[in-house]
Amino acid sequence: MTDIDRRRRRRRLLLVLALVATVAALVVLTVLGQLSKDRAGVIAAFLSVVAAAAAWEATGRASDTAEQARRTAEIVARIERDRWLSELTPQFEFTLTKEGDQAAKLLIHLAGPDALGHLDSVTVRVGDDDYDHTPTQHRLGYVDPHGPTPEQIAAHVFGPFRLRPRVNDADDDGRELTFTDLQVGRGRPLALDRTMPGMWMVGKTYDSWQREYEGHPVRLVITCRRG
């Protein structure tokens, strides 16, 4: 039951109670012999109560109608907004091509929709795997002077590939880059390098590190801006 339905039920209940109270008052006056003394006044008072109740009910119905119209307008606006966003949601295609044993090329192609036209900027961020790589000491609140800092862990890419640092405006860690003015139907090739184990990972070799991520996807977070 909606708020409007509940308000209507309350109004009807109060209206019935008001009429019952008025009829009860007439019965009492009749029993006491007062009704015949001022019949016209009592009838006028009764009609005034009925008119006031009817006016109150009419006002409530008008308020409910306005509220319903407002909610309908909000629903229509939300549907239209969702449709508009759906029609302008960027559609990407990704192609990863190996280039030797330690490098690859990632082609990011903006396939549509045609109504989008272009994107002012696209930020590509390489994501990590599903594991929490915070050292146990850090989680327990201890600082290991020989271990990695939180900044080092956040900067390190835990996955098979990272962006090639300082190429195509990528940052020093190969984590993120931004390029501008990508047209629908066009793409951007990005250089990737295979990741290495962190300097603090004692005993971890490049081969053992890469074996851990063999067959794992390259996770990307794409942030698009236009206007």
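Ala170 is located in the loop that connects strand 4 (161-163) with strand 5 (176-183), strands being DSSP runs (E) of at least two residues, numbered from the N terminus. The model is predicted, with local features requiring pLDDT of at least 70 and side-chain atom pairs counted only at pLDDT 80 or more, whereas totals for chains, interfaces and linings use all residues. Residues are numbered from 1 along each chain as its sequence is written, and side-chain values use heavy atoms, with hydrogens and water left out.

With a relative accessibility of 7%, Ala170 is buried (under 20% relative accessible area, 1.4 Å probe, protein chains only). Beyond its neighbours within four places in sequence, Ala170 contacts Leu163, Arg164, Pro165, Glu176 and Leu177, contact meaning heavy atoms within 4.5 Å. A C-alpha separation of 9.4 Å is found between Ala170 and Leu190, which lie 20 residues apart along the chain.

Asp193 belongs to strand 6 (residues 187-194) and is likewise buried, at 18% relative accessible area. The side chains of Asp193 and Arg164 are joined by a polar contact of 2.9 Å (a pair of N or O atoms within 3.5 Å; within protein, one must be able to donate a hydrogen and the other to accept it, and residues adjacent in sequence count only if both atoms are side-chain atoms). Excluding residues up to four places away in sequence, Asp193 touches Gln102, Ala103, Pro160, Phe161, Arg162, Arg164 and Pro165.

Strand 6 pairs with strand 2 in the antiparallel sense over 7 bridges, pairing requiring at least two DSSP bridges between the strands. Within this pairing, Leu107 stands opposite Pro189.

Methods
Helices (H or I, at least four residues) and strands (E, at least two) are DSSP runs, numbered from the N terminus. Buried means under 20% relative accessible area, exposed over 50%, partly exposed in between (1.4 Å probe, protein chains only).
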